[in-house]
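Subject: Structure handover

Hello,

Here is the structure you asked for. My notes on its interfaces follow below it.

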Amino acid sequence: MTATVEENTEAKPGAVPTFEVTLRIERYNPEVDDAPHFEDYRVTVHGTDRVLDALHQIKWDQDGSLSFRRSCAHGVCGSDAMRINGKNRLACKTLVKDVNPGKPITVEPIKGLPVEKDLIVDMEPFFQAYRDVMPFLVTTGNEPTRERLQSQEDRERFDDTTKCILCAACTTSCPVFWNDGQYFGPQAIVGAHRFIFDSRDDGAAQRLEILNDKEGVWRCRTTFNCTDACPRGIQVTKAIQEVKRALLTNKF
Amino acid sequence: MWSWVAHRISGVLIFLFLFAHVLDTALVRVSPDAYNSIMDTYKNPVVGLGETGLVAAVTFHALNGLRVVAVDFWSKGPRHQRQMFWAVVIGFVVLFAPFAIRHLSIVFSH
């Protein structure tokens, strides 16, 4: 009987093949464990499944204590950044078949932020750095009676950095941030860049002053890990270099 | 990231060499004979290999340094950093391979 059922699914046009894969997940429960450790889970996934689907399968069918963040599950909210096979990615944008499923896939929390449980880290230092660069429109003078108009070219100037979803993949891939938690980190500089180069904003001088700090843009060593990690394809290092040059030339 | 790691390591190696280099060159002020006798102790294959490593470190550090300058000051630098890294690798091989062949053949045949 079973064989017939299997034959039917295989014969069905457009059926997605399944395969077995091992996920090696870093587990840490602060109430029980002294240190994080790895645990292996075996799951059967479809060729179209993402790492997030595999994590769901583990949490829902095998081990309900597995903890991770995810909200929209479609690469927009930025909740499920994690270190998959040594690279920071969004679990909801990474297909299992693309991350070498022949070997166990390692899944770790993003580095450089305190781990709270399993794959959940304390994002507060990361958000604090973002708050520090004043990621909101700063204006002077009277309020206009209608919209603040902007030319197409002026909008293009900072288009790349508007794509940020605050997932922290860039900041937690930065070796400078790993060693120095005081560093603002790539994301905060991207957040500042979005307003510094906005023609409608008047707070650029203030933001540049904040980033001209010892722990500001000058900490960047152009490692390019952030650019490689960004799930939105933002040219993060380019943005940081533009902020550095704005500080040198005073042109922005 | 690995270009950055190699840049740091080669930088530290060059610094350590300069430290020894300043000391042994300063010896000539103490006594030229002492300087000469120290120089003679350097003429062995172990130091020969060290010299090869030194040239490798200096060559990579210099070429990658130019790449870092381009990333910092050329507006299209960050976009082309990967191509520039491969240019550094090619430049390194072109400069280092002939040196290594000639230097090591001298070191091990004399």
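Predicted model: local features only at pLDDT ≥ 70, side-chain atom pairs only at ≥ 80, totals over all residues.

A polar contact here is a pair of N or O atoms within 3.5 Å, where, within protein, one must be able to donate a hydrogen and the other to accept it; residues adjacent in sequence count only if both atoms are side-chain atoms. By that rule, five residue pairs are in polar contact between chain A and chain B, both residues being at pLDDT 80 or more.

Chain A to chain B

On the side of chain A that touches chain B, α5 (175-179), α8 (225-229) and α9 (236-249) each supply at least two residues. The biggest contribution is from α9(A), with five residues. By class, that side has four nonpolar, five polar and five charged residues. One salt bridge crosses the interface: it joins the side chains of A:Asp228 and B:Arg82 at 2.7 Å, N to O.

Within chain A

Chain A divides into domain 1 (18-121) and domain 2 (124-249), whose C-alpha centres lie 29 Å apart. The area buried between these domains of chain A is about 1100 Å², and carbon and sulfur atoms give 62% of it. On the domain 1 side, A:Asn88, A:Lys111 and A:Leu113 supply 43% of the buried area, more than any other three residues. Between the two domains there are zero salt bridges, and three residue pairs are in polar contact, both at pLDDT 80 or more.

Regards

Technical notes
Residues numbered from 1 in each chain as written. Chains lettered and ligands numbered in written order. Heavy atoms only, no water. Salt bridge = Lys/Arg side-chain N within 4 Å of Asp/Glu carboxyl O. Helix = DSSP H or I, 4+ residues; strand = E, 2+ residues; numbered from the N terminus. Nonpolar A, V, L, I, M, F, W, Y, C, P; charged D, E, K, R; others polar. Domains from an automatic or database assignment. Buried area = accessible area lost by both parts, 1.4 Å probe.
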